[in-house]
Amino acid sequence: MSIIVFGSINIDLVVTAPRLPVAGETLTGEEFFKIPGGKGANQAVALARLGIPTHMVGRVGANSFGAELVQHLQDTGVKTQNIFADENVSSGVAIITVDHHGENHIIVIPGANGHVNQEDVGRLSQLLPTAKALLLQLEIPITAVVAAAKAAHNANIPVILDPAPAQSDLPAELYPLVDIITPNEVEAGQLVGFPVDGEEAAAKAAEVLLQRGVKSAIVKLGAKGSICATPEETFFVPAFPVDAVDTVAAGDAFNGGLAAALYHGLSLRQAVVWGTAAGALAATTLGAQTSLPDKFTFDAFLKERGVTNN
Ligand code: ADP
């Protein structure tokens, strides 16, 4: 059995400079980093690091970046047979400039991610008979997201949707296909159309999402924790207090931890605790994929914080 992640695969090209350039200016910068990313790939790596058999389904360009991205996923233990190398486009790329104050300019080229289509859903469908869950995000065309959710739903495979990056107009037909939706406060606010800031508003937003047809809604509240609502109950899970240095990819780590717990047959409440733990660990380390915890670190953290799996 395995978990399928269907989504984006990116390479982040990051440069640092004393300040951001103005239009038309050429500036000498300091450092250059090439970092694998994309919310889909991040969630696949989060799962594989936790020891879960994970298939990534998506697209890269048939260029050197594409080969590197696939190799990197393979090295982390992600199964990559269903990543298609598209001859006609570049891989997804984010060009990021960061200055000394942490201000940034980011341009994202979806590239191959923007070409994910029904063919990829077809490849994904072949994996469904041995799948425990399907993880989706919103960095590939929404038509492909809906088609994948439909295929999984019809096969009785739970669908976990991270509605990121934030969007205000998800198709109404998507909600009833989703078993668990996991927005952060900003994403929840965009979906429901009122500001979501804190527990009370999060519970209201979760209620709206249930009414639209999702089976459970988890609203991630950063350092505060998260609210989880099902038709039977609404509960709050506090964050684990940690010394946070960088919360990039904390949300992806959360979804990895959540799905890993469900893979092992744990309850939804326990799964939210696992997500919260993985998110906390990711917040203690710099970077995106580099900050995703491995099984050893994760198990040690659960033990240290007194979490028992029942
Ligand atoms: P996103 O990365 O999608 O914006 P959040 O910032 O809400 O999502 O983080 C996801 C989860 O990671 C949170 O629900 C929480 O469990 C954990 N987390 C994030 N930031 C912290 C923090 N500073 N301390 C402890 N846990 C955190």
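**Entry 1: the ligand**

I began at Gly222, where a backbone N or O atom lies 2.9 Å from an oxygen atom of the ligand. I call this a polar contact, meaning a pair of N or O atoms within 3.5 Å. I also found a polar backbone atom of Gly251 at 2.9 Å from an oxygen atom of the ligand.

A note to myself: this is a predicted model, where local features need pLDDT of at least 70 and side-chain atom pairs count only at pLDDT 80 or more, while totals for chains, interfaces and linings use all residues. Residues are numbered from 1 along each chain as its sequence is written, and side-chain values use heavy atoms, with hydrogens and water left out.

Next I looked up the surroundings: 18 residues surround the ligand, with Asn184, Gly222, Phe240, Gly251 and Gly279 the closest. Here a residue is near if one of its heavy atoms lies within 4 Å.

**Entry 2: aromatic pairs**

I found two aromatic pairs in the structure. Ring centres must lie within 6.5 Å to pair; planes under 30 degrees apart are stacked, over 60 edge-to-face and the rest tilted.

Phe240 and Phe301 are edge-to-face, 5.3 Å centre to centre with 75 degrees between the planes. Both Phe240 and Phe301 are buried, that is, under 20% relative accessible area with a 1.4 Å probe and protein chains only.

Trp274 and Phe298 form an edge-to-face pair too, at 5.2 Å and 70 degrees. Trp274 is in helix α8 and Phe298 in helix α9, so this pair ties together parts 24 residues apart in sequence. My helices are DSSP runs (H or I, at least four residues), numbered from the N terminus.

Technical notes
Polar contact = N/O pair within 3.5 Å; in protein donor to acceptor, adjacent residues only side chain to side chain. Phe/Tyr/Trp six-rings, centres within 6.5 Å; stacked < 30°, edge-to-face > 60°. Buried < 20%, exposed > 50% of the residue type's maximum accessible area, 1.4 Å probe, protein only. Helix = DSSP H or I, 4+ residues; strand = E, 2+ residues; numbered from the N terminus.
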